[in-house]
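Here's a quick briefing to read alongside the model. Have the viewer open and follow along.

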Amino acid sequence: MGKCLQTVPAMACMKSLLMLFNVTFWATGLAVLCAGIWMQVRLIKFLELSADFSNAVPYVLVGTGALILFVATLACCCTVKGQPSLLYMYGGFLAIILILEIAVTISIYAYKDKLTNGFDRGLNQSMNIYGESSTISTDFDVMQSELQCCGNRGYKDWSSLQRPIPVPKSCCKLTDCDVEDESQIYNQGCYDIVVKFINENLAMIGTCALGVTLFPIVGIVLSCCLASNVSKAKYEQMN
């Protein structure tokens, strides 16, 4: 069996499979990078409203995606040259990326639960400083407008604050409305909606990350097998 794998056609086939893997792996790196950027651009306005907000996860996704793109690009050169040392090095990089991806996946699921627990406190804190912090006010307005909700548990939360605040215009169903007319504003609170929205999006990102996590194992096996067979073929040629 070992002799069969050392033939020129067999090693050419393994090279082709590894090259195909490299291209696919590069595509997964791009997907992880885009997920991190999308999370930073799209979800950040909602994530900031949690009392347990941390901006680390989006940056970790971006960093991991960029690393995969870099390694996959170099891997194409390693595969073409067919040098055992380079192929083993590539397998080592894949092992490191595998560990990183497992850590990222665990972090996303843990982060999701932590965010959910912190949203109730975070939304109440944000409402109490609404109008004082431009960033928080903008984020809250974006949340209410896009998710079609008002207040934490309901629109009446605005009048129940220590410093009562009129219902913001972002609660209006139309561009402008009479905020004192409850038929013209969103009545449902934002907590349940925003938690569902965040959980669905983070669960989707976490599922994709989990799927990508086991992918490097294929590359490790292919690169190490190719490197081993190239080394054996060269050794036998010398003898």
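Helices here are DSSP runs of H or I with at least four residues, strands are E runs of at least two, and both are numbered from the N terminus. With that in hand, Gly63 sits in helix H3. You're looking at a predicted model, where local features need pLDDT of at least 70, side-chain atom pairs count only at pLDDT 80 or more, and totals for chains, interfaces and linings use all residues. Residues are numbered from 1 along each chain as its sequence is written, and side-chain values use heavy atoms, with hydrogens and water left out.

**Overall build**

- The protein chain has seven helices and zero strands.
- Reading from the N terminus, the order of elements is α-α-α-α-α-α-α.
- The C-alpha trace spans about 90 × 30 × 25 Å along its principal axes.
- The radius of gyration of the protein chain is 26 Å, whereas a compact globule of 239 residues would come in near 18 Å. That radius is taken over C-alpha atoms, and the globule rule is 2.2 Å times the number of residues to the power 0.38.

**Surface and contacts**

- Of the 239 residues in the protein chain, 44% are buried. Buried means under 20% relative accessible area, exposed means over 50%, and partly exposed is in between (1.4 Å probe, protein chains only).
- The accessible surface of the protein chain is about 12300 Å², and carbon and sulfur atoms hold 66% of that. These areas come from the Shrake-Rupley method with a 1.4 Å probe, and for residues only the protein chains shown count as cover.
- Among contacts in the protein chain with a separation of 6 or more, 78% join residues 24 or more positions apart. Contact means heavy atoms within 4.5 Å.

**Where H5 meets H6**

- Two packed helices are described by the angle between their axes and the distance between the axes.
- For H5 (residues 134–147) and H6 (residues 190–213), the axes come within 11 Å and cross at roughly 85°. The axes are lines fitted to C-alpha atoms, for helices over the stretch in contact, with angles running from 0 to 180 degrees between N-to-C directions.
- H5 and H6 are therefore roughly perpendicular to each other. The cut-offs are under 35 degrees for roughly parallel, over 145 for roughly antiparallel, 65 to 115 for roughly perpendicular, and oblique for the rest.
- On the H5 side, Met143, Gln144 and Leu147 meet Cys190, Ile193, Val194 and Phe197 of H6.
- By class, that contact of H5 with H6 has six nonpolar, one polar and no charged residues. Ala, Val, Leu, Ile, Met, Phe, Trp, Tyr, Cys and Pro count as nonpolar, Asp, Glu, Lys and Arg as charged, and the others, Gly among them, as polar.
- Gln148 lies in the loop between H5 and H6, and Gln148 has a positive phi of about 55° although it is not a glycine.

**Residues to click on**

- Val32 belongs to helix H2 (residues 8–47) and counts as buried at 12% relative accessibility. Leaving aside neighbours within four places in sequence, Val32 is in contact with Leu61, Thr64, Gly65 and Val212.
- Gly63 is partly exposed at 39% relative accessibility. Gly63 and Gly36 are 27 residues apart in sequence, with 8.5 Å between their C-alpha atoms.
- Leu67 is in helix H3 (residues 56–81) and is partly exposed, with a relative accessible area of 29%. Leaving aside neighbours within four places in sequence, Leu67 is in contact with Ile97 and Leu100.
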